[in-house]
Structures are given as C-alpha cells and as structure tokens.
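Open the model in your viewer and get ready to click along. Each stop tells you what to select and what you will find there.

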Amino acid sequence: MQMQAGMTTFLTLVGMMLVTAIPRILPLILISASSMPGWVRTWLEYIPVAVLAALLFPSLLMANGEFHLAADNLFLWAAIPSFWIARRTRSMLAAVAVGLLFVSVGRLLGY
Amino acid sequence: MADKEWKYSYNRGNVYCNNKRREGFALRMEQDTRSSIAKDKNINNAVLAGIVKAIPVVLGYLTVGFAYGVLARNAGLSVFFTVLMSLLVYAGSAQLISVSFFAASANPLTIILTTFIVNIRHLLMAAAMVPHLEGWRPLQKVAFGLELTDETFGLHSVGFSEGKPDKSTVFAINITSQLAWISGSLLGAVLGGMIVDIRSLGLDFALPGMFIALLVFQLKSIKHVLVALAAGLLSLILLSSGIQNWNVLIAACLAAGIGVVLCKCKQE
C-alpha cells in the first residue's frame, strides 16, 4: 500500500517534470532564428524587459494577492536604493546587497 | 684515428642535434601545456564568472527552497521526494503550489495540469532565448532549456544583450542556481522543525532586488521603459482581477507587442 503510494508520488513528479521541461525546451528545438520575420525578432527583443517587469511589479506592490501600497511596504522602500545603486554602479550584487541591508535594518527597526 | 675523431664528432653532433631536438620538443611541450593551462584558466575564469553572477539567485533559491522544503515535509512528502522534485521539476512557484495539492491529497492529474499552467510562461522565455542560441548543438539547447527559470532567464537575457558570453559561464549560472535550489530544499526538508529566521536577514528581498537590477540593465531606451511600465501594470491588473498564473505570459506578450508598434511608428 505504501509502496503503491510512493509509486503514485513518483509518477506524479515525472509528469510534473515533463510538463515543465516541454515548454522550456520545445521553442529552443523547434524555432530557428533565421526563419523569423523581422517583427517577431523585434517582439522577442522586448520580451525580457517585459517579463522582468511583469514579475517584479507584483513582488513589490502586492502581498497575498492584494495591493499593498501603504507606507509600511518595506520592499517598495527598499526598491528605491536598489534601483539607484543599480543605475549608478551597474552592479547587480551591489544593488542586491543594498536592498538586503535596507530590508534587514528596516525589520530591525520594527517595520 | 681520423676515423675515430670523425665518429666522435659525429656522435657529439648527433647528441647535440638530439639535445637541440629535445629542447625544441620540450619547448613545444611547454608551449602546449602553457596554452592548455591558459585555456583551462580561461574556462575556470568563465565558470567562476558564472558562479559570481549567480550569487543573488543562490541567496534567493536557498531561501525559497528552504521554505519549500519545510512546507513539503509538512504536506507529508518524504525527504527523498521533496528533494527529487527539486531535481526533476525545478520550478519554484509550481513546486510550492503542488505542495498544497499534495497536502490535500489531490488527484495527480490535477497536480500535473496545474504545474503545466503555472510553467507555461517559460514557453515565451525559451522563445526569447532562441536568437542567442544560434549554432548551439541540440543537446546543449536541451540542457540549457531544462534549467531555464524566471531568474536564470533574467540573468541570461542581460548576459546575452551585453555580448556573447562563454558557454561555460552560461552553464555555470544554470548549474549553480539549481544546486542552490536543491540544497535549499534539502536543508528545509531536514531542518524543517528548526526555525531559521531568514526574514531578519532580509533574504526574501534577494530575488526582487535582483529583478530590479536586471530590469535597470534592460532599460536601454525610452521604448524599453514604456514596455516595462506597460508589462508591470498589465501584470498587476491581471493579478488583481483574479487571473493568476497567466499574468506574466499575457502581460509580457501584450507589452512586447507595444514595443513592436512603437518601433514601427518610429520607422515610418
């Protein structure tokens, strides 16, 4: 019985692996860059900046599925020095370090 | 006597020649080893560069992976399956969502279908990587795709836009990131009961902080700024109107379309 449950879990994981791997791999194998029309190339060039913003905005402005625009939104405040340092130094590590420092000091102060 | 002398000098000459040849050989050997050492050094540097680039991802993945490990154990998954999922599936949000399904003993097909829907956004990211992987062998593309996550995609899209990075750097980023994810899961699964206060270190800001920097590096023109604003706002609107899981895919597709329109307008 337990063996069977383990088998079910294992097969579920394999299924999860397949449905995750296929979208990650299929475009790389099937699409060739040379056959793309010009506008598709342009469109794809804008995908990274669009994806990054689409991922980032909710992580700063929402918490638990709700808008979090109050003054105690520590992440939103920490984003300001991170953004500034990233622009000034062009260093990702510096930007992340400043953000982490800001958040940990903020929490230390009780926010 | 003369014969002997000639033999002697001939032998000496031969020895001399042999020595010269040996020296030449040794010199060539030395050059070979030196260039292979230089090559090794270059590869080592490229690998090291990838590991350094992955540091923010490592911080974030250790943190989120730990949380996943704790939750997975609480949901009744064994340590083995908890870590195996990080090895096979390697997708943060999908794994966290699946854990709540496992806790509720949901139908395996429901779990798999939900995973598919949560991860379908990677279709778009993989497509955006296509122009950068021209000339790669199919197996290298498969290996690259298997470790394509939101975070490694962010790192690679900036890396590729700044020039052609070494393949060793690209794979070092991917492998380092997944190792951090697996380690985090294992630590969480094993130390589950122990309360580690990651919040006080601010480590949950590692990934948002990284995305801020990556976004800044991608803001190359006013058009990019407009596309980013459109994508971010669309993503928020979709999320707040209850369209979860699809928000990144839909928002990015539409916003990048705005970029194409802006480009067309400028040309005409």
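Is Trp181(B) buried or exposed? Select Trp181(B): its relative accessible area is 2%, so it is buried. Here buried means under 20% relative accessible area, exposed means over 50%, and partly exposed is in between, with a 1.4 Å probe and protein chains only.

Before moving on, a word about what you are looking at. This is a predicted model, in which local features need pLDDT of at least 70 and side-chain atom pairs count only at pLDDT 80 or more, while totals for chains, interfaces and linings use all residues. Residues are numbered from 1 along each chain as its sequence is written, chains are lettered from A and ligands numbered from 1 in the order in which they are written, and side-chain values use heavy atoms, with hydrogens and water left out.

**Stop 1: chain B as a whole**

Colour chain B by secondary structure. Chain B has 268 residues, and 45% of them count as buried.

**Stop 2: aromatic rings in chain B**

A search of the whole structure turns up seven aromatic pairs over all chains. Rings of Phe, Tyr and Trp (its six-membered ring) pair if their centres lie within 6.5 Å; planes under 30 degrees apart count as stacked, over 60 as edge-to-face, and the rest as tilted. Tyr61(B) has 5% relative accessibility, so it counts as buried.

Now select Trp136(B) and Phe144(B). They form another edge-to-face pair, 5.8 Å centre to centre and with 80 degrees between the planes. Trp136(B) is buried at 8% relative accessibility, and Phe144(B) is buried at 0%.

To see a cluster, show Tyr61(B), Tyr68(B), Tyr90(B) and Trp181(B) together: ring pairs link them.

**Stop 3**

Cys253(B) is partly exposed at 25% relative accessibility, whereas Cys263(B) is buried, with a relative accessible area of 16%.

**Stop 4: the largest pocket**

Select Leu55(A), Pro58(A), Ser59(A), Ser93(B) and Leu96(B). Of the 48 residues that line the largest pocket, these are the closest to its centre. On a 1 Å grid over the protein atoms alone, a pocket is an open set of points with protein on both sides within 12 Å along at least five of seven lines, and lining residues have an atom within 4 Å of a point. The largest pocket has a volume of about 1,700 Å³, where grid points are joined across faces, edges and corners and a volume is the space filled by probe spheres set on the points.

Colour the lining by class and you get 26 nonpolar, 14 polar and eight charged residues. Ala, Val, Leu, Ile, Met, Phe, Trp, Tyr, Cys and Pro count as nonpolar, Asp, Glu, Lys and Arg as charged, and the others, Gly among them, as polar.

**Stop 5: the second largest pocket**

Which residues lie nearest the centre of the second largest pocket? Pick out Ala5(A), Thr9(A), Gly76(B), Leu77(B) and Phe102(B), from a lining of 16 residues. About 320 Å³ of space lies in this pocket. H1(A) gives the largest share of the lining, six residues. By class, the lining divides into eight nonpolar, eight polar and no charged residues.

**Stop 6: over to chain A**

Finish with Phe83(A), in helix H3 of chain A. Phe83(A) is partly exposed, at 38% relative accessibility. Its C-alpha lies 8.9 Å from that of Gly99(A), 16 residues apart in sequence. Then jump to Val96(A), in helix H4 (residues 92–108) of chain A; Val96(A) is buried, with a relative accessible area of 2%. Draw a line from the C-alpha of Val96(A) to that of Tyr46(A), 50 residues apart along the chain, and it spans 24 Å.

Key
1 Å grid on protein atoms, 1.4 Å probe; cavity = no way out; pocket = protein on both sides within 12 Å on 5 of 7 lines; lining within 4 Å. Helix = DSSP H or I, 4+ residues; strand = E, 2+ residues; numbered from the N terminus.
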